[in-house]
Every structure is written in structure tokens, then in C-alpha cells.
Amino acid sequence: MRLGIRGDLRVLLLALGGLGIACSGRVVGTGNDVGMSSSSSGASSSGVTTSSSDGGSTSSGSTSGGSSSGVTTSSSDGGSTSSSSSSGGDLCAQLPPSVCIEPPTPPIGQTTSLTTPHNYAVHKLYLGDTDRAGIPSVNAWDSFGYDLDGKLTVAASTDVCALVAGASKQVQIDGNGGIDNSWGANIMPILETLNSTFSQTANSAIQAGAPTQLFYVDGFDDSAGNMTTATGLTGVAFTGAQYSANGGTTPTWDLNTHWPIAPDSLSCYPIGGTDNCTASTDPVATANVKFPAAFQTGGTFVNGTPADITLSLPMGGQALVVNLHDAVVTFYPQVPGSVTNGTIAGVLNTEELIAALQKIAGQISTSLCSSSAFQSIASQIEQTSDIVVSGSTVTNTAGVQCNAISIGLGFDATEIALPTSADIAPPQPPPVDPCGG
């Protein structure tokens with residue numbers, strides 16, 4: 001799950017040392033600390049051994065009537081994970097229910113009776129270089145995220161999309177329980193090798209007021225340690241602007257904190273369009289990203305129907321703005337006023353990611369203004385593609401060209417003031433492009 005580092009890629013990645021992203025999450029019903037079972041139905045088996053985030057290890061076996069092949073990878077706590085697959089033996093639907101760590105499904109239960117809204121601002125991002133306890137591990141990424149394609153894929157799997165020319169089969173290997181996180185497996189370790197402090201730098205920037213993510217939810221039971229299960233929750237997602245956009249200095253991270261909302265998070269200011277937001281605009285009503293079918297299960301909030309979310313990620317003093325397609329958002333109440341074990345999992349269209357990087361590449365290093373230099377980097381990024389996205393539909397079909405990168409982000413968030421029209425930030429001019437574009 002490691003790609004070679006080439007000269008041109010080193011130039012960009014060294015400069016991008018401030019990027020801060022990764023993922024971890026509390027999984028309901030199929031969590032990382034849930035034991036696996038075993039089954040068999042054939043002459044020879046393909047086994048799966050998965051190490052949990054709490055240090056345990058479990059195994060399961062399935063067969064497809066033929067010989068098996070396998071790989072072993074280390075888990076985030078230093079253990080190991082063995083898994084094997086042939087053309088179809090990796091389908092989660094054919095494995096014991098607890099094997100694949102998939103997004104929680106809607107519960108059958110009562111509708112929430114709670115009406116107090118909450119607005120959470122992400123104050124901590126997890127990149128995958130440490131677990132949630134802060135313990136460093138080169139394999140921490142493999143427990144961060146969800147299985148998005150219904151498969152537990154290894155290098156030998158053949159029922160997956162066709163890798164980009166030149167890519168290693170290691171690119172398609174999943175994390176624990178089929179977790180899809182090629183970003184964490186194949187890009188983050190390179191960043192980590194080049195700058196061992198980039199996660200701290202990114203989180204320091206957020207603490208000081210760099211753009212962050214905001215989640216407004218209604219109907220959520222925020223009591224500590226609750227196991228509430230209910231339907232009928234709703235919510236929206238905003239991209240938070242630079243905290244100083246409305247004249248603020250440093251956020252206090254409490255109910256008095258009004259975080260500026262990037263206007264392009266709202267329908268009144270379409271991307272590339274005219275700013276029609278007014279003093280009476282309701283940010284919640286006009287949010288582009290809505291969670292109309294959210295629910296709570298075992299205490300965990302789930303956004304329900306996956307949505308496309310725009311994320312602004314701190315990167316060496318700049319902001320990498322990426323579109324996360326078919327995103328699943330989950331988090332768990334820590335104490336009233338904060339949530340923990342947050343997860344945002346989805347996929348990045350590879351070409352969109354390359355375009356987003358190119359927009360800020362010249363500001364990181366003018367040497368990247370050369371089209372040939374950046375194209376070399378773009379080729380490396382393309383080789384991390386492990387999944388398929390068409391519009392907002394995510395699949396992983398054999399023979400189809402991989403065109404997207406699976407990703408998982410972890411976060412903790414603090415409750416801040418409810419959004420108001422006064423929180424809508426004015427449109428910000430784009431930074432000067434040193435490349436002259």
C-alpha cells in the first residue's frame with residue numbers, strides 16, 4: 001500500500017506538509033471492536049483475520065470452491081491483518097455480517113422527539129498518522145473510514161475496477177473490515193515521510209481560525225454515553241470560512257463562537273454565479289448540503305442518504321478545496337457541547353482532486369508552474385485511484401477504469417453558536433496566482 005516517491009512528487013509533497021486529513025469512526029453494529037465469526041462453503045477457503053482498534057484480533061473464513069490467495073497488513077495498533085480473496089470471495093454480502101465495516105443502516109424505531117438544534121465546528125482532524133489516542137502508526141489509516149463498495153479487497157482481487165496504467169496492485173488493498181481509504185494508504189504516508197509535523201501544523205491552523213467544517217443537526221440526543229436510536233433527524237453541512245472573514249480574531253470554541261459561513265455553501269451564492277445572499281437569508285434553509293433523512297443509532301448520528309460535501313482542508317497556509325462524493329458522516333456525543341469519533345468517508349474524483357491541487361500548486365512553489373512538472377505529479381495521483389465515481393454514484397465494477405480515490409477523514413467537533421444570516425461571510429477574492437493564471 002505504498003507508492004514509490006519520485007523526484008517531482010517530492011517537490012510538491014514537501015511543500016504540502018501542512019495538509020491535515022484522515023479518518024476514524026465509531027461503527028454501530030459493525031464496529032472495529034466487534035468480533036468476527038467464521039464460515040465455509042467449499043473445498044478450500046479464503047480466510048480473513050482483522051485486527052481491531054482496541055488491540056484484539058478476529059478472523060473469519062469464506063470459500064469460493066477453489067484455491068485462495070492472501071495478504072497480511074498491519075493494523076493501526078501494530079497488529080496484523082490477514083485477508084484473502086479470489087474473483088468473488090471478497091463480497092461482503094457473502095461474508096459473515098460483522099466482517100465488513102459498512103456505514104450504519106437506518107434503524108426501525110421511533111421518531112425523535114427532540115427539537116433542540118446543535119451546530120458543531122470541527123476542531124480536530126485525524127490524518128491517519130496516529131490513532132485517536134494519539135499513538136503514531138504507519139498503518140493507522142486502515143481503521144479509519146467505512147467499506148464503501150461492498151467488498152473486502154486484497155491485491156489478488158480481480159472483481160474490482162481496472163487500475164491506472166503503472167499502478168501497483170497494492171493500491172486496491174482495503175483496510176480493516178474492507179475499509180476503503182486509498183488516500184490514507186497511498187498519499188498520506190508520503191506526506192508523513194516528508195514532513196513529520198504536518199498534522200500538527202494543520203490542526204494548529206484550525207485552532208487559530210483556518211477554514212473548517214460545520215455540521216448543524218436537529219433532533220440529536222447529545223447526552224453523554226447515550227445509546228439513543230431514533231429516526232426523523234435532519235441536518236445540513238457548511239464550509240466554514242476563515243474565522244477572520246467577519247472581523248473575528250481567534251475562535252473561543254464555545255456557544256459564543258459565530259463561525260463565518262462560506263457563501264458558496266449556500267444556494268443564494270452559486271459557484272460562479274452572483275451573490276444573492278441578504279441580511280434575511282436563513283443559512284440552514286439555503287444550505288446546499290442537506291441531511292433530510294438523518295438518524296441516530298446506538299447514540300451515533302448518521303447523515304442518512306450520502307451527500308456530496310465540499311471540504312476546505314488546511315494545506316501549508318493555503319486551502320485545498322475538494323469535493324467529497326457520496327459522503328457518509330457519523331459522530332458520537334462525547335459530552336453535551338462536543339462530539340467525538342467523527343467520520344467523513346467518501347470518494348474524490350481523481351481529476352477534480354488534481355485540478356484542486358493545481359489551483360494552489362503555484363502558491364506552494366513556483367517550480368510547479370511548469371506543466372511538465374505538475375503533469376508528473378498528476379500521473380502519480382492518478383495511480384492511487386481505486387474506485388469508480390459517475391456523478392455522485394460510487395461503484396467498483398470489474399474491468400471499469402478506476403477514476404476516483406476513496407478517502408476517510410476523522411474529526412472531533414465542538415458545539416458553537418447556531419448559524420444566523422450575520423454569519424454569512426462576504427465572497428473572498430481568489431489569491432493571486434504566481435503562475436499568472
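Predicted model: local features only at pLDDT ≥ 70, side-chain atom pairs only at ≥ 80, totals over all residues.
Residues are numbered from 1 along each chain as its sequence is written, and side-chain values use heavy atoms, with hydrogens and water left out. Local features need pLDDT of at least 70 and side-chain atom pairs pLDDT 80 or more, whereas totals for chains, interfaces and linings use all residues.

Strand S7 spans residues 230–239. Helices (H or I, at least four residues) and strands (E, at least two) are DSSP runs, numbered from the N terminus. Of the 10 residues of S7, 7 are buried. Buried means under 20% relative accessible area, exposed means over 50%, and partly exposed lies in between (1.4 Å probe, protein chains only). S7 pairs with strand S6 (residues 213–218) in the antiparallel sense, over 6 bridges. Two strands pair if DSSP finds at least two bridges between them. Across this pairing, Phe215 faces Ala237 in S7. S7 also pairs with strand S8 (residues 289–297), again antiparallel, over 5 bridges. Here Gly235 stands opposite Phe291 in S8.

Two residues other than glycine have a positive phi. Trp253 has a phi near 55 degrees. Trp253 sits in the loop between S7 and helix H4 (283–286). Its relative accessible area is 14%, so Trp253 is buried. Asp326 has a phi of about 55 degrees. Asp326 belongs to strand S11 (residues 318–335). Its relative accessibility is 25%, so Asp326 counts as partly exposed.

Helix H6 covers residues 371–382. At 1.5 Å a residue, its 12 residues should span 16 Å, and the end C-alpha atoms are 16 Å apart, in agreement. The expected span is 1.5 Å times one less than the number of residues. The buried residues of H6 include Phe374, Ile377 and Ile381. Seen down the axis, the buried residues fall within an arc of 160 degrees, so they line one face of H6. The arc is that of the directions from the helix axis to the C-beta atoms. An α-helix has 3.6 residues a turn, so residues three or four places apart point the same way. Exposed Ser371 and Ser372 are on the face of H6 turned away from its buried side.

The whole structure holds 1 salt bridge, defined as a side-chain nitrogen of Lys or Arg within 4 Å of a carboxyl oxygen of Asp or Glu. Asp412 and Arg132 form a salt bridge at 3.4 Å, N to O. Asp412 lies in strand S15 (residues 404–416) and Arg132 in the loop between strand S5 (117–126) and helix H2 (182–194), so the pair ties together parts 280 residues apart in sequence. Asp412 is buried at 10% relative accessibility. Arg132 is partly exposed at 21%.
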